[in-house]
Amino acid sequence: MQMCGVSSRHCECESDMGAYSRILLAVDLTEDCEGVADRATALAAQSEAELHIIHVIEPLSLAYGGDIPMDLSSVQDQIHEQAKSRLAEFSSKIGIPEQRRHLVFGRPESEIHRIANEEAVDVIVVGSHGRHGIALLLGSTANGVLHGANCDVLAVRVGDDARHD
């Protein structure tokens, strides 16, 4: 048995790792995603799995309730171009080829589920800000991914609560 970075309990990770053939790494392109990517690339290497990456851009109208009295299309275009550039750079750094990179607009949970289903992934790896007890994932993107996924979800702690070895 080994300790997983997802909670303070032990889990039987070692025996299940060989079962994964396709992994989807969900990133927000912040500094926190590097630790999540490290976990996903290690899992992919150990499992000899194909690694995909997704970044979801939430439309500003969704993020701000839809009642914005101005046209934000140029701002949204800038956000898209920055995300495209950062995703390409980040993906290249961890060895994910262009055909396995997914940059999409929408609600993060829904789009992560959609791509996971389309690509027939076995596990989604996502970052989660640590909380205590039952609130570990509540209210987060990771919680939404966990509750709607048709595959395993590995929530890797990020931020101040991440485990430092």
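**A histidine in a strand, and a pair of helices**

Modeller: The residue to begin with is His 102, which lies in strand 5, the stretch of residues 101-105; please keep in mind throughout that the model is predicted. With a relative accessible area of 10%, His 102 falls under the 20% cut-off and is therefore buried. Its side chain makes a polar contact with the side chain of His 52, at 3.2 Å. Leaving aside neighbours within four places in sequence, His 102 is in contact with Leu 24, His 52, Ile 53, Ile 54, His 55, Leu 87, Ile 115 and Glu 119.

One of these partners, Ile 115, has a number that falls within helix 5, which spans residues 108-118. Helix 5 packs with helix 6 (residues 141-148) at an angle of about 40°, their axes being 9 Å apart, which means that helix 5 is oblique to helix 6. The crossing of the two helices is right-handed. On the side of helix 5 the residues that meet helix 6 are Pro 108, Glu 109, Ile 112 and His 113, and their counterparts in helix 6 are Thr 141, Gly 144, Val 145 and Gly 148.

As for the whole, the protein has six helices and seven strands, which run from the N terminus in the order β-β-α-β-α-β-α-α-β-α-β-α-β. Buried residues make up 40% of its 165 residues, and of the contacts with a separation of 6 or more, 74% are accounted for by residues 24 or more positions apart.

Technical notes. Residues are numbered from 1 along each chain as its sequence is written. This is a predicted model: local features need pLDDT of at least 70, side-chain atom pairs count only at pLDDT 80 or more; totals for chains, interfaces and linings use all residues. Side-chain values use heavy atoms; hydrogens and water are left out. Axes are lines fitted to C-alpha atoms, for helices over the stretch in contact, and angles run from 0 to 180 degrees between N-to-C directions. Helices (H or I, at least four residues) and strands (E, at least two) are DSSP runs, numbered from the N terminus. Angles under 35 degrees count as roughly parallel, over 145 as roughly antiparallel, 65 to 115 as roughly perpendicular and the rest as oblique. A crossing is left-handed if the near helix is turned anticlockwise from the far one by less than a right angle, and right-handed if clockwise. Contact means heavy atoms within 4.5 Å. Buried means under 20% relative accessible area, exposed over 50%, partly exposed in between (1.4 Å probe, protein chains only). A polar contact is a pair of N or O atoms within 3.5 Å; within protein, one must be able to donate a hydrogen and the other to accept it, and residues adjacent in sequence count only if both atoms are side-chain atoms.
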